Amino acid sequence: RNSQKEILRQNKNIEEDEQLLYYKEIVWSQLNSKKPHLILLSIFRDKQIIGYGGLVHISWENKRAEVSFVVSNDIRKKKDLYESTFNDFLKLIKKLSFEFLGLSRIYTETFDIRPLHISILENNGFKLEGRLISHVIINHKEIDSLMHGCLRADYEF
């Protein structure tokens, strides 16, 4: 995660003890909740964990959640493997969101330096809903943020 700060909304390195505390106080405390604020899933390939993702900022009253997805640098650097992993994840997260959780909308925010990531989103039914101009600064350069959404109404059961 720390090595991918340029694509995440993370300004500083997260120390191991901070990450452990986050999991203890935030993630694990949500496990028995009927309406958790987040649902994180481990992503495995060949019995090895290669990343995680899920739903964050879940708003049960508004039936929406933001999609989160992070994989190892090894996966991220291999176009075909990244594409197949992200495609599989998006199919799973849409099924979870719309069929099991009853959400109406899932969405993402992606910095406009990730053309492959954006094309995979769009090929999986996420529609561009907006562009936040010069929203972040990455490597001393102003970068737009793209907002994509996917609606239950457009999901094929």
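Which way does α3 pass α4, in a left-handed or a right-handed crossing? The first close-up holds the answer, and the others walk you through the rest of the fold. Please keep in mind that this is a predicted model, in which local features need pLDDT of at least 70 and side-chain atom pairs count only at pLDDT 80 or more, while totals for chains, interfaces and linings use all residues. Residues are numbered from 1 along each chain as its sequence is written, and side-chain values use heavy atoms, leaving out hydrogens and water.

**View 1. Helices α3 and α4 cross in a right-handed sense.** Helices are DSSP runs of H or I with at least four residues, strands are runs of E with at least two, and both are numbered from the N terminus. A crossing is right-handed if the near helix is turned clockwise from the far one by less than a right angle, and left-handed if anticlockwise. The axes of α3 and α4 come within 10 Å and cross at roughly 35 degrees; axes are lines fitted to C-alpha atoms, for helices over the stretch in contact, and angles run from 0 to 180 degrees between N-to-C directions. On the α3 side you will find K79, Y82, E83, F86, N87 and L90, which meet L116, H117, I120 and L121 of α4. Contact here means heavy atoms within 4.5 Å. Sorted by class, this contact has 6 nonpolar, 2 polar and 2 charged residues. Nonpolar covers Ala, Val, Leu, Ile, Met, Phe, Trp, Tyr, Cys and Pro; charged covers Asp, Glu, Lys and Arg; the others, Gly among them, are polar.

**View 2. H117 of helix α4 reaches Y82 with its side chain.** The two side chains are joined by a polar contact of 2.6 Å. That term stands for a pair of N or O atoms within 3.5 Å; within protein, one must be able to donate a hydrogen and the other to accept it, and residues adjacent in sequence count only if both atoms are side-chain atoms. H117 counts as buried because its relative accessibility is 7%, where buried means under 20% relative accessible area, exposed over 50%, and partly exposed in between (1.4 Å probe, protein chains only). Leaving aside residues up to four places away in sequence, H117 touches F69, Y82, F86 and T110.

**View 3. Six strands line up in an open sheet.** Their order is β1-β2-β3-β4-β6-β5, with mixed pairing; two strands pair if DSSP finds at least two bridges between them. At the edges sit β1 (39–45) and β5 (127–138), each pairing on one side only. Neighbouring strands are turned by 25 degrees against each other on average, direction ignored. Zoom out and you can count 4 helices and 6 strands in the protein, following the pattern α-β-β-β-α-α-β-α-β-β along the sequence.

**View 4. Strand β4 pairs with β3 on one side and β6 on the other.** The pairing of β3 with β4 is parallel, over 3 bridges, and E66 stands opposite Y107 in β4. With β6, β4 pairs in the antiparallel sense over 7 bridges, and here the bridge partner of Y107 is G149. Of the 7 residues in β4, 5 are buried.

**View 5. K47 and H57 each have a positive phi.** Most residues other than glycine have a negative phi. K47, in the loop between β1 and β2, has a phi of about 65 degrees. In strand β2, H57 shows a phi near 50 degrees. K47 is exposed, since its relative accessible area is 83%, and H57 is exposed too, at 52%. Strand β2 (residues 48–59) pairs with β3 (residues 64–71) in the antiparallel sense over 7 bridges, and G53 stands opposite F69 in β3.

**View 6. C150 is a buried residue of strand β6.** Its relative accessible area is 3%. C150 touches K94, F98, S104, R105, I106, G125 and F126, not counting residues up to four places away in sequence. The C-alpha atoms of C150 and N124 are separated by 8.8 Å, although these residues are 26 apart along the chain.
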